[in-house]
Amino acid sequence: MFMEGEKVTTDMPIECLNGWFSVTASPLRNHEGTIIGAIHIARDITEQKRLEETLRESRNKYQAIFESTGTATLIVEEDTTIMMANNECYSVTGYTPNELIGQKWVQYVAPESLQIMLKNRELRRQNHDLAPKKYDVTLVNKIGEKRDALLDISTIPGTKQSVVSILDITESKRAEEEIKRTNEKLQLVNAEKDKFFSIIAHDLRTPFNSFLGLTQIMAEQLPAMTLQQTQKIAVSMRKTATNLYGFLENLLQWSRMQQGITTFEPQLLLLMPKISESFALYLEAFKSKRIDINYDISEDVTVFTDGNMFDSIVRNLVSNAIKFTPQEGKITITAKSLDENWVKIFVKDSGIGMNREMVENLFRKDINTNRKGTNSEPSSGLGLIICKEFIEKHGGKLWADSEEGKGSTFYFTLPAKAIN
């Protein structure tokens, strides 16, 4: 209805049984300007409405497909302005689609990646290359976090717009880097073991050659030998056999550790009785070299340790000290409580000592630091490696301090009680 004085013309779509019409209504006035009726003009817009509905349905289907890709996707103009963005973009960029629309998508690419990418795109544009192109880039999300992403950019035919698909590859890149680091570590460990086995083979050859030489003398000259000569060779053979047995025992222990089948059952033990028990095996060696042994350990000091591993640690350190200490030397075993949780134990000798380079390489399997003792006793270096691994199994540390001609001191720490 038109009100008096109204001058507008109305136009509204109306749906009828046989279609849609656009109806225009204008007021009809007499000579005095009074509205006496209306003029209605109807225009058939059924086809237009059908086209609009088809377009709307197409847009809905397109939007559904756009959202169902499972990949963050943008529709961008030639100047990189974002026209559309699906919901997946949020997981990559941290921005909602509404926040992205109207922005330049390149602003979310890290500068170092953007420079390479734009240079590549310009070269492709000069060569009229419109094929889809993938870029490995770094994106910067809403909170400033860098994410590795793979961009797939393709031009929409007949337009100046492009589709930009973004695949977040941050986790896969991290996994690749971890695999790479692991492989490098394995290669290093394998190379180290190969070198180590070469050293072991060399160290085994020397005592076996000595042993075989003695047996050859016995086989060829026994009838002509005196009892004293026979006894002397027997003593040498016993020493060689003892050294070989100790070496093979260490090799077996190390092998079991590498396979992960070494048992570890720590318990609280009084330190002094346990050390005395371990030292008992070397009383003959102390007497033979007339080495003075001293203890500086309080009777109440305790350690939380696996008994078998502790025996191996002490035996190897004491054996080393005896080897490299000359006649009438001195070995001291000291233990001090660092605090309520840890005890530091050290084995000090007055032996031939080591230079700085030897000390730095002591616990490396790929470098041969072996040398004969003061009475030509063989040494493989395997015992120290076992000590280090056993001590670290307890959570402790092993290190050494030495000076040529003035002796060596080996320090290690063990728990004083069970540590939760």
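A residue is described as buried when its relative accessible area is under 20%. In this predicted model, Cys89 has a relative accessibility of 1% and therefore counts as buried. Cys387 likewise has a relative accessible area of 1% and is buried. A disulfide is a covalent bond between the sulfur atoms of two cysteines. To be counted here, a pair of cysteine sulfur atoms must lie within 2.5 Å, and by this rule the number of disulfides is zero.

The protein has 420 residues, of which 36% are buried. Its secondary structure consists of 11 helices and 15 strands. When contacts between residues at least 6 apart in sequence are considered, 57% of them join residues at least 24 apart.

Strands of a sheet pair through backbone hydrogen bonds, in either a parallel or an antiparallel manner. Strand 6 and strand 7 (residues 146–155) run antiparallel and are joined by eight bridges. Within this pairing, Tyr135 has Leu151 of strand 7 as its bridge partner.

A further open sheet, also of five strands, has the order 10-12-13-15-14 and mixed pairing. Here strand 10 (292–296) and strand 14 (398–403) stand at the edges; because each has a single partner strand, one side of each lacks a neighbour in the sheet. Neighbouring strands are turned against each other by 15° on average, with direction ignored. Seven bridges connect strand 12 (residues 330–337) with strand 13 (residues 342–349), and the two pair in the antiparallel sense. The bridge partner of Lys336 is Lys344, in strand 13. Helix 11 (residues 382–393) lies across strand 14 and strand 15 (407–415), and it runs at about 140° to strand 14.

Helix 9 comprises 17 residues, 307–323. The distance from its first C-alpha to its last is 24 Å, close to the 24 Å expected at 1.5 Å a residue. The N-terminal end of helix 9 is capped by Asp306, a side-chain oxygen of which lies 3.1 Å from the backbone nitrogen of Asn308. Helix 9 is mostly covered, as 15 of its 17 residues are buried. An α-helix has 3.6 residues a turn, so residues three or four places apart point the same way.

Ser312 belongs to helix 9. With a relative accessible area of 1%, Ser312 is buried. Leaving aside residues up to four places away in sequence, Ser312 touches Gln253, Ile386, Cys387 and Phe390. Among these contacts is Cys387, the buried cysteine described above.

Ala280 presents another case, since its relative accessible area of 43% makes it partly exposed. Ala280 is located in the loop between helix 7 (271–279) and helix 8 (283–289). Between Ala280 and Arg315 there are 35 residues of separation in sequence, while their C-alpha atoms are 9.8 Å apart in space.

Methods. Residues numbered from 1 in each chain as written. Predicted model: local features only at pLDDT ≥ 70, side-chain atom pairs only at ≥ 80, totals over all residues. Heavy atoms only, no water. Buried < 20%, exposed > 50% of the residue type's maximum accessible area, 1.4 Å probe, protein only. Helix = DSSP H or I, 4+ residues; strand = E, 2+ residues; numbered from the N terminus. Expected span 1.5 Å × (residues − 1). Polar contact = N/O pair within 3.5 Å; in protein donor to acceptor, adjacent residues only side chain to side chain. Pairing = 2+ DSSP bridges. Contact = heavy atoms within 4.5 Å. Axes fitted to C-alpha atoms, helices over the stretch in contact; angles between N-to-C directions.
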